[in-house]
Amino acid sequence: MSTKFKWPKHDKLKSTDTFCVLPWLHLNVQPNGDIYPCCMAPYGENIGNTSDVTLEEVWNGDKMKEIRKQMLVGERPHLCSRCFLIEDNGLNSPRFTHNDYFRNRLVEVLDNTDVETGHVTDYKLRYWDFRWSNICNFKCRMCGVYSSSKWHQEAMELHGDSTGADSKGILEFNSNGKENVFTQVDRFINDVEEIYFAGGEPLVMEEHYLILEKLIAAGRTDVRLRYNTNFSHLKFKKWDLFAMWQKFLDDPKGHIQLFASLDAVGKLAEVIRDGTKWSNVYNNIKKCQGTGIQIYFSPTVSSLNMFFIDELIDVAAELDIDTDKVNVNNLLTTPPCYDVRLLPDYLKKELLDKLKDYRDNRCPDKYKVIMKYGVENWEHFINEEFKGDRDEAEKELLRQTLYLDINRQQSFLEVNPQYTEWFKEIRHRLNTVNHRWMTLPKVRREELKIQQTNYKDELVIKKTNYKDELVIRKTTKPESKKDDKKWYPSNKTLI
């Protein structure tokens, strides 16, 4: 695999195999203040936190310097492992994308680098990814409280994670940092070339609109704006978003890219990303298409959606999304319970057979190139051995699915019926006498003990016209009180 451009010759660059330009012009800041060389770095392995250090201190800190030194000689930094995993499976990684986009900066950044120490003399943030908060209106199943304030209560009950307990789950790194990171906006307003707005949900964050105002006032409508958005809101408070965007669209050098936080369509989309109203999302995408904004489909490929990726391609065809704007490279590796490599072998075969059948017989002609490229590389990844503790991952999959189905009044197996037998197998292995609810979080088990005096639950096999489903059947309905929290399993809880 190679980049689209010719690498410049430079005596400081011994190898291009692992080089990425981002450590020379970028830092990523997460809502909790954790700082990373970019958003692809493994979560939890930060190189600093805004509560303890400034961005400039991190810029030439030991960890950033070591990353640069390794890249210059062709070594693979550990924090960059996700990009290399993508590339090893034959797919283009963000490393390739950013090297291509910032290719005109390569000679400049190398000139400013001390190859012996990794120190860079010129501190300029040309690519911004400041995730000002975790404020979000969705609760995606593969997400958590660090990226969505809506996850707060469920994270406490499911994982015992009290993050954000004093702020209703909202994390805002700039509220208690060593420096006011927003000053970096003013400092580098004339240097920035690309801004990535993510979150949380960026279109419901005030900082996003304040930055757009500053860019417009400074005449910097030539900056490339990139978003990861769930397309649920196109209006926010006093701001006219389309009027602001139009300033960038009218600039010959400016453009806007909206990457849809979209993994599936219809009911499955609504279950995976709780808060989705599919018709609203679909209509908002069409509305943006009519303005000249570039729309990208970039699904998170996981066991949650991969059996129905064909339906997402069909919608891309229906909306006439350009084929080069359908990205199938984002392979989920965490949380491990949704890693597609966790699937048992018979489900892997079923999945690959389904994907190949769609590629060969049902895929719209224009999009066959996507499926050809996707299947070739997905197959290698899918058939890899699962890297973690399989028993623990399967237990967490069942536990989390059961809890979220109950709490959100959803049914995961209703939209992913192909997993029914697998879930039954997992449960069979886990079940012991009087421990039918062992996979529930402790807080819910305690509630159940109190309530079960007048409420019996029984697992039964329900015959349907398409699959056998493992269902929780009510046998005695408890007397309800007005103030009781209703969370009992319904007949739609297919676990």
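Modeller: First, a definition: two strands pair if DSSP finds at least two bridges between them. Helices (H or I, at least four residues) and strands (E, at least two) are DSSP runs, numbered from the N terminus. The model is predicted, so local features need pLDDT of at least 70 and side-chain atom pairs count only at pLDDT 80 or more, while totals for chains, interfaces and linings use all residues. Residues are numbered from 1 along each chain as its sequence is written, and side-chain values use heavy atoms, with hydrogens and water left out.

Colleague: In which sense do β4 and strand β6 pair, and over how many bridges?

Modeller: β4 and β6 (residues 194–197) pair in the parallel sense, over two bridges. W128 stands opposite I195 in β6.

Colleague: And which strand do four bridges join to β4?

Modeller: That is β1 (residues 26–29), which runs parallel to β4. The bridge partner of H26 in β4 is Y127.

Colleague: What is the order of the strands in the open sheet?

Modeller: The order is β3-β2-β1-β4-β6-β7-β8-β10, eight strands with mixed pairing. β3 (48–49) and β10 (294–297) stand at the edges with a single partner strand each, so one side of each has no neighbour in the sheet. In general, strands of a sheet pair through backbone hydrogen bonds, either parallel or antiparallel.

Colleague: In what sense does β3 pair with strand β2?

Modeller: β2 (residues 34–36) and β3 pair in the antiparallel sense, over two bridges. I35 stands opposite G48 there.

Colleague: Back to β4: which residues point which way, and are they buried or exposed?

Modeller: In β4 (residues 127–130), Y127 and D129 point one way, W128 and F130 the other way, and all are buried. Buried means under 20% relative accessible area, exposed over 50%, and partly exposed in between (1.4 Å probe, protein chains only).

Colleague: Now the helices. Which residues of α2 are buried?

Modeller: In α2 (residues 62–72) they are M64, K65, I67, R68, Q70, M71 and L72. These buried residues pack against β1, α1 (55–59) and α5 (106–111). G74 follows α2 and has a positive phi, near 90 degrees.

Colleague: Where is the place of R82, and what is R82 in contact with?

Modeller: R82 lies in helix α3 (residues 81–88). Leaving aside neighbours within four places in sequence, R82 is in contact (heavy atoms within 4.5 Å) with C39, M40, N330, L331 and T333. The C-alpha atoms of R82 and L331 are separated by 9.0 Å, although these residues are 249 apart along the chain. R82 is partly exposed, with a relative accessible area of 24%.

Colleague: How many cavities of 30 Å³ or more does the structure hold, and which residues line the largest cavity?

Modeller: There are six of that size. On a 1 Å grid over the protein atoms alone, a cavity is a set of points where a 1.4 Å probe fits but cannot get out; lining residues have an atom within 4 Å of a point. The largest cavity is lined by W24, L25, E108, V109, N112, V120, D122, K124 and R126.

Colleague: Finally, what share of the protein chain do buried residues make up?

Modeller: They make up 56% of its 495 residues. The secondary structure of the chain comes to 18 helices and 12 strands.

Technical notes:
On a 1 Å grid over the protein atoms alone, a cavity is a set of points where a 1.4 Å probe fits but cannot get out, and a pocket is an open set with protein on both sides within 12 Å along at least five of seven lines; lining residues have an atom within 4 Å of a point. Grid points are joined across faces, edges and corners, and a volume is the space filled by probe spheres set on the points.
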